[in-house]
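Hello,

Here is the structure we talked about handing over. Please load it before reading on.

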Amino acid sequence: MTTWRIPLSDVSFGIEEMQAVQQVLESGWLTMGNVTQDFEGAFAQYTGAQYALAVTNCTAGLHMACLAVGLQPGDEVILPALTFVATANAVRYTGATPVFADIFGENNLNISVEAIETCITDRTRAIIVVHYGGYACDMPRIMALARKYKLHVIEDAAHAAGAWLDDRHLGVWGDIGCYSFFSNKNMTTGEGGMLTTNDTALYEKLRLLRSHGMTSLTWDRHKGHAWSYDVVELGYNYRIDEIRAALGLAQLRKLNDFNARRRALVECYRDSLRELTPDVSVPFDAHPGITAAHIMPVILPQGVNRREFMERMKAAGIQTSIHYPPIHHFSAYSQQYAQLELPNTDSIAAREVTLPLYPKLSEEDVLLVAQTVKASLGSF
Ligand SMILES: *Cc1c(COP(=O)(O)O)cnc(C)c1O
(Lines give C-alpha, C1' and ligand atoms only; values in the text may rest on other atoms or scores of the structure.)
Protein backbone atom coordinates (compact mmCIF):
# COMPACT_ATOMS: atom_id res chain seq x y z
CA MET A 1 0.00 0.00 0.00
CA THR A 2 1.26 3.44 -0.91
CA THR A 3 1.64 5.86 1.97
CA TRP A 4 0.85 9.25 0.49
CA ARG A 5 2.69 12.33 1.60
CA ILE A 6 -0.43 14.20 0.50
CA PRO A 7 -3.57 12.09 -0.09
CA LEU A 8 -6.33 13.15 -2.48
CA SER A 9 -8.84 13.69 0.32
CA ASP A 10 -9.18 13.20 4.06
CA VAL A 11 -11.95 13.26 6.67
CA SER A 12 -12.21 15.85 9.47
CA PHE A 13 -13.57 14.29 12.66
CA GLY A 14 -13.27 15.68 16.17
CA ILE A 15 -14.56 14.87 19.62
CA GLU A 16 -18.06 15.99 18.52
CA GLU A 17 -18.38 13.08 16.08
CA MET A 18 -17.06 10.57 18.64
CA GLN A 19 -19.52 11.79 21.29
CA ALA A 20 -22.46 11.85 18.89
CA VAL A 21 -21.88 8.22 17.90
CA GLN A 22 -21.30 7.15 21.49
CA GLN A 23 -24.60 8.73 22.55
CA VAL A 24 -26.48 6.73 19.93
CA LEU A 25 -24.81 3.49 21.04
CA GLU A 26 -25.66 4.25 24.67
CA SER A 27 -29.29 5.00 23.77
CA GLY A 28 -29.74 1.44 22.46
CA TRP A 29 -31.82 2.61 19.46
CA LEU A 30 -29.89 2.23 16.20
CA THR A 31 -32.41 2.32 13.35
CA MET A 32 -34.18 5.45 12.06
CA GLY A 33 -35.62 7.47 14.94
CA ASN A 34 -35.11 10.78 16.74
CA VAL A 35 -31.58 11.42 15.56
CA THR A 36 -32.47 10.84 11.92
CA GLN A 37 -35.43 13.20 12.28
CA ASP A 38 -33.15 15.82 13.82
CA PHE A 39 -30.64 15.37 11.01
CA GLU A 40 -33.36 15.77 8.39
CA GLY A 41 -34.74 18.84 10.13
CA ALA A 42 -31.31 20.43 10.41
CA PHE A 43 -30.51 19.71 6.75
CA ALA A 44 -33.84 21.13 5.57
CA GLN A 45 -33.22 24.26 7.61
CA TYR A 46 -29.63 24.56 6.38
CA THR A 47 -30.56 24.26 2.70
CA GLY A 48 -33.85 26.14 2.96
CA ALA A 49 -35.71 23.15 1.50
CA GLN A 50 -39.20 22.42 2.79
CA TYR A 51 -38.41 18.72 3.22
CA ALA A 52 -35.27 16.63 3.67
CA LEU A 53 -35.16 12.84 3.71
CA ALA A 54 -32.05 10.93 4.81
CA VAL A 55 -31.15 7.85 2.79
CA THR A 56 -28.54 5.12 2.78
CA ASN A 57 -26.46 6.73 0.00
CA CYS A 58 -26.83 9.20 -2.85
CA THR A 59 -27.12 6.47 -5.48
CA ALA A 60 -30.24 5.15 -3.72
CA GLY A 61 -31.45 8.75 -3.49
CA LEU A 62 -30.99 9.29 -7.23
CA HIS A 63 -32.85 6.03 -7.91
CA MET A 64 -35.73 7.14 -5.68
CA ALA A 65 -35.78 10.58 -7.34
CA CYS A 66 -36.02 8.97 -10.78
CA LEU A 67 -38.89 6.75 -9.58
CA ALA A 68 -40.66 9.59 -7.79
CA VAL A 69 -40.85 11.74 -10.93
CA GLY A 70 -42.31 8.71 -12.71
CA LEU A 71 -39.51 7.59 -15.04
CA GLN A 72 -40.18 4.34 -16.87
CA PRO A 73 -38.94 2.36 -19.87
CA GLY A 74 -39.12 4.42 -23.06
CA ASP A 75 -38.51 7.71 -21.25
CA GLU A 76 -35.37 9.72 -21.95
CA VAL A 77 -33.37 11.64 -19.37
CA ILE A 78 -30.74 14.24 -20.29
CA LEU A 79 -27.59 14.34 -18.16
CA PRO A 80 -23.85 14.94 -18.52
CA ALA A 81 -21.41 12.09 -19.27
CA LEU A 82 -18.78 13.85 -17.16
CA THR A 83 -20.06 12.60 -13.81
CA PHE A 84 -19.86 9.60 -11.51
CA VAL A 85 -21.53 6.57 -13.07
CA ALA A 86 -24.22 6.57 -10.34
CA THR A 87 -26.00 9.49 -12.04
CA ALA A 88 -26.64 7.44 -15.19
CA ASN A 89 -27.09 4.10 -13.42
CA ALA A 90 -30.00 5.57 -11.45
CA VAL A 91 -31.78 6.36 -14.72
CA ARG A 92 -31.16 2.85 -16.02
CA TYR A 93 -32.53 1.23 -12.84
CA THR A 94 -35.94 2.56 -13.89
CA GLY A 95 -35.61 1.27 -17.46
CA ALA A 96 -35.41 4.83 -18.83
CA THR A 97 -32.63 5.83 -21.24
CA PRO A 98 -29.79 8.21 -20.35
CA VAL A 99 -29.11 10.81 -23.08
CA PHE A 100 -25.72 12.42 -22.58
CA ALA A 101 -25.29 16.13 -23.28
CA ASP A 102 -21.93 17.86 -23.69
CA ILE A 103 -20.35 20.23 -21.17
CA PHE A 104 -19.76 23.97 -21.71
CA GLY A 105 -15.96 23.88 -22.08
CA GLU A 106 -12.61 24.09 -20.40
CA ASN A 107 -13.58 26.75 -17.85
CA ASN A 108 -17.02 25.29 -17.10
CA LEU A 109 -17.24 21.51 -16.77
CA ASN A 110 -21.01 21.58 -16.15
CA ILE A 111 -23.68 20.46 -18.61
CA SER A 112 -24.25 23.01 -21.38
CA VAL A 113 -27.72 24.53 -21.57
CA GLU A 114 -27.55 24.69 -25.39
CA ALA A 115 -26.54 21.01 -25.47
CA ILE A 116 -29.50 20.10 -23.26
CA GLU A 117 -31.93 21.80 -25.63
CA THR A 118 -30.57 19.99 -28.70
CA CYS A 119 -31.05 16.64 -26.88
CA ILE A 120 -34.75 17.19 -26.16
CA THR A 121 -37.16 14.87 -27.98
CA ASP A 122 -40.82 14.00 -27.43
CA ARG A 123 -39.64 11.17 -25.15
CA THR A 124 -37.63 13.44 -22.84
CA ARG A 125 -39.08 13.46 -19.31
CA ALA A 126 -36.32 14.84 -17.12
CA ILE A 127 -32.97 16.57 -16.85
CA ILE A 128 -30.43 15.51 -14.23
CA VAL A 129 -27.87 18.22 -13.61
CA VAL A 130 -24.63 17.62 -11.74
CA HIS A 131 -23.00 20.53 -9.95
CA TYR A 132 -19.45 19.44 -10.80
CA GLY A 133 -17.06 20.08 -7.92
CA GLY A 134 -19.79 22.03 -6.12
CA TYR A 135 -19.89 24.73 -8.84
CA ALA A 136 -23.43 25.71 -9.79
CA CYS A 137 -25.02 24.68 -13.05
CA ASP A 138 -26.90 27.49 -14.80
CA MET A 139 -30.09 26.79 -12.87
CA PRO A 140 -32.13 29.85 -13.92
CA ARG A 141 -31.79 28.91 -17.61
CA ILE A 142 -32.17 25.17 -16.97
CA MET A 143 -35.37 25.73 -14.98
CA ALA A 144 -36.71 27.98 -17.75
CA LEU A 145 -35.98 25.24 -20.29
CA ALA A 146 -37.67 22.67 -18.04
CA ARG A 147 -40.78 24.83 -17.78
CA LYS A 148 -40.87 25.40 -21.55
CA TYR A 149 -40.69 21.66 -22.34
CA LYS A 150 -42.49 20.45 -19.16
CA LEU A 151 -39.55 18.40 -17.87
CA HIS A 152 -38.64 17.33 -14.35
CA VAL A 153 -35.31 18.49 -12.96
CA ILE A 154 -33.30 16.32 -10.57
CA GLU A 155 -30.12 17.80 -9.12
CA ASP A 156 -27.21 15.49 -8.40
CA ALA A 157 -25.84 17.65 -5.58
CA ALA A 158 -23.35 15.02 -4.37
CA HIS A 159 -20.59 17.66 -4.57
CA ALA A 160 -22.73 20.58 -3.54
CA ALA A 161 -23.60 20.46 0.18
CA GLY A 162 -23.06 24.04 1.32
CA ALA A 163 -23.09 25.59 -2.17
CA TRP A 164 -25.35 28.42 -3.28
CA LEU A 165 -26.41 30.30 -6.39
CA ASP A 166 -28.41 33.54 -6.13
CA ASP A 167 -29.16 32.95 -2.42
CA ARG A 168 -30.66 29.53 -3.13
CA HIS A 169 -28.87 26.37 -2.03
CA LEU A 170 -27.94 23.98 -4.84
CA GLY A 171 -30.26 21.00 -4.87
CA VAL A 172 -33.24 23.18 -4.01
CA TRP A 173 -33.76 24.60 -7.52
CA GLY A 174 -35.24 21.56 -9.24
CA ASP A 175 -37.86 19.00 -8.16
CA ILE A 176 -35.48 16.91 -6.02
CA GLY A 177 -31.89 17.42 -4.82
CA CYS A 178 -29.66 14.40 -4.07
CA TYR A 179 -26.68 14.72 -1.71
CA SER A 180 -23.94 12.24 -0.83
CA PHE A 181 -22.19 11.76 2.49
CA PHE A 182 -19.70 9.17 1.19
CA SER A 183 -16.38 9.29 3.00
CA ASN A 184 -14.65 11.62 0.50
CA LYS A 185 -17.49 14.16 0.26
CA ASN A 186 -17.52 17.59 1.98
CA MET A 187 -19.45 16.19 4.95
CA THR A 188 -19.52 12.48 5.60
CA THR A 189 -21.31 9.70 7.42
CA GLY A 190 -19.21 6.94 5.84
CA GLU A 191 -22.00 5.95 3.48
CA GLY A 192 -25.07 8.15 3.46
CA GLY A 193 -27.16 10.63 1.57
CA MET A 194 -30.03 13.12 1.70
CA LEU A 195 -32.86 14.17 -0.58
CA THR A 196 -34.46 17.61 -0.54
CA THR A 197 -37.70 18.77 -2.12
CA ASN A 198 -40.26 21.54 -1.78
CA ASP A 199 -43.06 19.35 -3.17
CA THR A 200 -45.28 17.65 -0.58
CA ALA A 201 -46.49 14.92 -2.94
CA LEU A 202 -42.94 14.07 -4.01
CA TYR A 203 -41.84 14.00 -0.38
CA GLU A 204 -44.60 11.56 0.56
CA LYS A 205 -43.71 9.37 -2.41
CA LEU A 206 -40.00 9.41 -1.51
CA ARG A 207 -40.79 8.51 2.10
CA LEU A 208 -42.69 5.43 0.97
CA LEU A 209 -39.99 4.41 -1.52
CA ARG A 210 -37.34 4.59 1.21
CA SER A 211 -39.01 1.92 3.30
CA HIS A 212 -40.86 -0.73 1.27
CA GLY A 213 -43.89 1.45 0.65
CA MET A 214 -44.89 0.89 4.29
CA THR A 215 -47.34 3.30 5.89
CA SER A 216 -45.69 3.12 9.33
CA LEU A 217 -42.14 2.45 10.54
CA THR A 218 -40.61 0.39 13.35
CA TRP A 219 -40.02 3.67 15.19
CA ASP A 220 -43.70 4.65 15.01
CA ARG A 221 -44.69 1.28 16.44
CA HIS A 222 -42.04 1.51 19.16
CA LYS A 223 -43.44 4.90 20.13
CA GLY A 224 -46.91 3.38 20.25
CA HIS A 225 -48.15 5.50 17.34
CA ALA A 226 -49.04 2.53 15.18
CA TRP A 227 -49.61 -1.20 15.63
CA SER A 228 -49.77 -2.39 12.03
CA TYR A 229 -49.09 -1.10 8.54
CA ASP A 230 -50.11 -1.38 4.93
CA VAL A 231 -47.74 -1.63 1.96
CA VAL A 232 -49.05 0.74 -0.66
CA GLU A 233 -46.38 0.39 -3.34
CA LEU A 234 -43.17 -1.38 -4.32
CA GLY A 235 -40.48 0.27 -2.24
CA TYR A 236 -36.95 -0.46 -1.09
CA ASN A 237 -34.82 -0.49 2.02
CA TYR A 238 -32.88 2.71 1.38
CA ARG A 239 -32.85 3.84 5.02
CA ILE A 240 -30.03 5.48 6.94
CA ASP A 241 -29.44 4.65 10.64
CA GLU A 242 -29.06 6.64 13.85
CA ILE A 243 -25.28 6.18 14.03
CA ARG A 244 -24.77 7.76 10.65
CA ALA A 245 -27.41 10.42 11.27
CA ALA A 246 -25.53 11.43 14.44
CA LEU A 247 -22.30 11.67 12.46
CA GLY A 248 -24.10 13.71 9.83
CA LEU A 249 -25.51 16.18 12.36
CA ALA A 250 -22.04 16.77 13.81
CA GLN A 251 -20.53 17.20 10.33
CA LEU A 252 -23.31 19.53 9.15
CA ARG A 253 -22.51 21.91 12.01
CA LYS A 254 -18.96 22.19 10.66
CA LEU A 255 -19.81 22.28 6.96
CA ASN A 256 -19.62 26.07 6.52
CA ASP A 257 -16.17 26.14 8.11
CA PHE A 258 -14.98 23.14 6.07
CA ASN A 259 -16.17 24.73 2.82
CA ALA A 260 -14.70 28.15 3.62
CA ARG A 261 -11.37 26.44 4.19
CA ARG A 262 -11.72 24.51 0.92
CA ARG A 263 -12.45 27.75 -0.97
CA ALA A 264 -9.41 29.44 0.55
CA LEU A 265 -7.24 26.51 -0.52
CA VAL A 266 -8.64 26.66 -4.04
CA GLU A 267 -7.66 30.35 -4.22
CA CYS A 268 -4.22 29.38 -2.99
CA TYR A 269 -3.99 26.72 -5.75
CA ARG A 270 -5.14 29.24 -8.36
CA ASP A 271 -2.45 31.74 -7.36
CA SER A 272 0.34 29.15 -7.19
CA LEU A 273 -0.58 27.41 -10.45
CA ARG A 274 -1.06 30.70 -12.34
CA GLU A 275 2.43 31.69 -11.34
CA LEU A 276 4.24 28.33 -11.68
CA THR A 277 2.38 26.59 -14.51
CA PRO A 278 0.35 29.07 -16.59
CA ASP A 279 -0.26 26.35 -19.23
CA VAL A 280 -2.33 24.33 -16.77
CA SER A 281 -5.85 25.69 -16.69
CA VAL A 282 -7.96 25.75 -13.54
CA PRO A 283 -11.67 25.53 -14.41
CA PHE A 284 -14.48 27.58 -12.89
CA ASP A 285 -12.50 30.82 -12.78
CA ALA A 286 -14.92 33.60 -11.71
CA HIS A 287 -17.81 31.11 -11.60
CA PRO A 288 -21.13 32.49 -10.28
CA GLY A 289 -22.38 31.51 -6.84
CA ILE A 290 -20.67 30.16 -3.73
CA THR A 291 -18.97 26.87 -4.47
CA ALA A 292 -18.64 23.93 -2.08
CA ALA A 293 -15.15 23.43 -3.60
CA HIS A 294 -15.51 19.67 -3.39
CA ILE A 295 -12.58 18.80 -5.67
CA MET A 296 -9.64 20.58 -7.31
CA PRO A 297 -9.72 19.79 -11.04
CA VAL A 298 -7.06 21.09 -13.42
CA ILE A 299 -6.78 20.66 -17.20
CA LEU A 300 -3.35 19.71 -18.52
CA PRO A 301 -2.05 21.29 -21.72
CA GLN A 302 -2.50 19.36 -25.00
CA GLY A 303 0.23 16.79 -25.59
CA VAL A 304 0.99 15.95 -21.96
CA ASN A 305 0.91 12.23 -21.18
CA ARG A 306 -1.58 12.23 -18.31
CA ARG A 307 -0.76 8.75 -17.08
CA GLU A 308 2.96 9.55 -16.91
CA PHE A 309 2.16 12.89 -15.23
CA MET A 310 0.11 11.11 -12.54
CA GLU A 311 2.93 8.57 -12.08
CA ARG A 312 5.37 11.38 -11.43
CA MET A 313 3.01 12.96 -8.90
CA LYS A 314 2.68 9.56 -7.23
CA ALA A 315 6.47 9.14 -7.09
CA ALA A 316 6.55 12.44 -5.17
CA GLY A 317 3.97 11.06 -2.72
CA ILE A 318 1.05 13.11 -4.06
CA GLN A 319 -2.19 11.32 -4.84
CA THR A 320 -4.15 12.54 -7.86
CA SER A 321 -7.31 11.29 -9.51
CA ILE A 322 -9.55 11.71 -12.58
CA HIS A 323 -13.04 13.24 -12.50
CA TYR A 324 -14.29 11.54 -14.55
CA PRO A 325 -13.75 8.84 -17.12
CA PRO A 326 -16.82 9.83 -19.23
CA ILE A 327 -19.69 7.38 -18.75
CA HIS A 328 -20.32 6.69 -22.47
CA HIS A 329 -16.89 5.04 -22.76
CA PHE A 330 -17.41 2.50 -19.94
CA SER A 331 -17.83 -1.11 -21.12
CA ALA A 332 -21.31 -1.30 -19.58
CA TYR A 333 -22.36 1.72 -21.70
CA SER A 334 -20.10 1.91 -24.74
CA GLN A 335 -22.05 -0.39 -27.08
CA GLN A 336 -25.20 1.67 -26.86
CA TYR A 337 -23.29 4.95 -27.19
CA ALA A 338 -20.69 3.96 -29.82
CA GLN A 339 -21.89 6.68 -32.22
CA LEU A 340 -22.11 9.41 -29.58
CA GLU A 341 -19.82 12.41 -29.98
CA LEU A 342 -19.28 14.80 -27.10
CA PRO A 343 -16.33 16.91 -28.30
CA ASN A 344 -15.89 19.05 -25.17
CA THR A 345 -16.38 16.18 -22.75
CA ASP A 346 -13.97 13.93 -24.63
CA SER A 347 -11.19 16.44 -25.18
CA ILE A 348 -11.33 17.94 -21.68
CA ALA A 349 -11.93 14.73 -19.69
CA ALA A 350 -8.82 13.21 -21.31
CA ARG A 351 -6.70 16.05 -19.91
CA GLU A 352 -8.32 16.43 -16.48
CA VAL A 353 -6.41 15.64 -13.30
CA THR A 354 -7.75 16.18 -9.78
CA LEU A 355 -5.32 17.50 -7.16
CA PRO A 356 -5.58 16.95 -3.37
CA LEU A 357 -8.16 19.07 -1.54
CA TYR A 358 -9.52 18.73 1.99
CA PRO A 359 -9.89 21.12 4.94
CA LYS A 360 -6.81 19.88 6.82
CA LEU A 361 -4.53 20.55 3.83
CA SER A 362 -2.08 23.41 4.53
CA GLU A 363 -0.98 26.31 2.32
CA GLU A 364 2.50 24.75 2.32
CA ASP A 365 1.00 21.49 1.03
CA VAL A 366 -0.72 23.41 -1.79
CA LEU A 367 2.53 25.07 -2.76
CA LEU A 368 4.31 21.71 -2.72
CA VAL A 369 1.62 20.19 -4.95
CA ALA A 370 1.85 23.13 -7.37
CA GLN A 371 5.65 22.85 -7.50
CA THR A 372 5.36 19.11 -8.11
CA VAL A 373 2.85 19.77 -10.91
CA LYS A 374 5.42 22.05 -12.52
CA ALA A 375 8.23 19.49 -12.12
CA SER A 376 6.02 16.63 -13.39
CA LEU A 377 5.07 18.56 -16.54
CA GLY A 378 8.70 18.82 -17.69
CA SER A 379 9.81 17.20 -20.97
CA PHE A 380 6.74 15.66 -22.59
C1 LIG B 1 -20.37 10.39 -4.87
C2 LIG B 1 -21.27 10.67 -6.00
C3 LIG B 1 -22.47 9.98 -6.20
C4 LIG B 1 -22.86 8.76 -5.42
O5 LIG B 1 -22.94 8.96 -4.07
P6 LIG B 1 -23.00 7.70 -3.08
O7 LIG B 1 -23.43 8.34 -1.80
O8 LIG B 1 -21.63 7.13 -3.03
O9 LIG B 1 -24.00 6.75 -3.61
C10 LIG B 1 -23.33 10.38 -7.22
N11 LIG B 1 -23.00 11.39 -8.02
C12 LIG B 1 -21.84 12.08 -7.90
C13 LIG B 1 -21.55 13.21 -8.82
C14 LIG B 1 -20.94 11.72 -6.90
O15 LIG B 1 -19.77 12.37 -6.79
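This is a predicted model: local features need pLDDT of at least 70, side-chain atom pairs count only at pLDDT 80 or more; totals for chains, interfaces and linings use all residues.

Residues are numbered from 1 along each chain as its sequence is written, and side-chain values use heavy atoms, without hydrogens or water.

Helix packing

Helices (H or I, at least four residues) and strands (E, at least two) are DSSP runs, numbered from the N terminus. Axes are lines fitted to C-alpha atoms, for helices over the stretch in contact, and angles run from 0 to 180 degrees between N-to-C directions.

Start with α2 (residues 34–47) and α9 (residues 242–276). Their axes come within 8 Å and cross at roughly 25 degrees. The two are therefore roughly parallel (under 35 degrees; over 145 is roughly antiparallel, 65 to 115 roughly perpendicular, the rest oblique). The crossing of α2 past α9 is left-handed (the near helix is turned anticlockwise from the far one by less than a right angle; clockwise is right-handed). Contact means heavy atoms within 4.5 Å. On the α2 side the contact residues include Val 35, Phe 39, Phe 43 and Tyr 46, and on the α9 side Leu 249, Leu 252 and Leu 255 are among them. By class the contact has 10 nonpolar, 4 polar and 2 charged residues (nonpolar: Ala, Val, Leu, Ile, Met, Phe, Trp, Tyr, Cys and Pro; charged: Asp, Glu, Lys and Arg; polar: the others, Gly among them).

α9 also packs on α13 (residues 363–377). Here the angle is about 35 degrees and the axes are 9 Å apart. α9 passes α13 in a right-handed crossing. Leu 265, Tyr 269 and Leu 273 of α9 are among the contact residues, as are Val 366, Val 369 and Val 373 of α13. This contact counts 10 nonpolar, 2 polar and 3 charged residues.

Pockets and cavities come from a 1 Å grid over the protein atoms alone. A cavity is a set of points where a 1.4 Å probe fits but cannot get out; a pocket is an open set with protein on both sides within 12 Å along at least five of seven lines; lining residues have an atom within 4 Å of a point. Points are joined across faces, edges and corners, and a volume is the space filled by probe spheres set on them.

- The structure has 1 cavity of 30 Å³ or more. The largest cavity has a volume of about 60 Å³. Its lining includes Asp 10, Lys 185, Phe 258 and Arg 262.
- The largest pocket holds about 370 Å³. Of its 20 lining residues, Phe 84, Ala 86, Ser 180, Phe 182 and Lys 185 lie nearest the centre. α3 (58–68) and α4 (86–93) each give two or more residues to this lining.
- The second largest pocket has about 300 Å³. It has 17 lining residues, with Met 32, Arg 207, Arg 210, Leu 217 and Asp 220 closest to the centre. α7 gives the largest share, 5 residues.

Backbone geometry

Most residues other than glycine have a negative phi, and most peptide bonds are trans. Please check two places. His 323 and Tyr 324 are joined by a cis peptide bond, with omega about 10 degrees. Tyr 324 sits in the loop between α10 (306–315) and α11 (331–334). His 212 is not a glycine, yet its phi is positive, about 60 degrees. His 212 is in the loop between α7 and α8.

Best wishes
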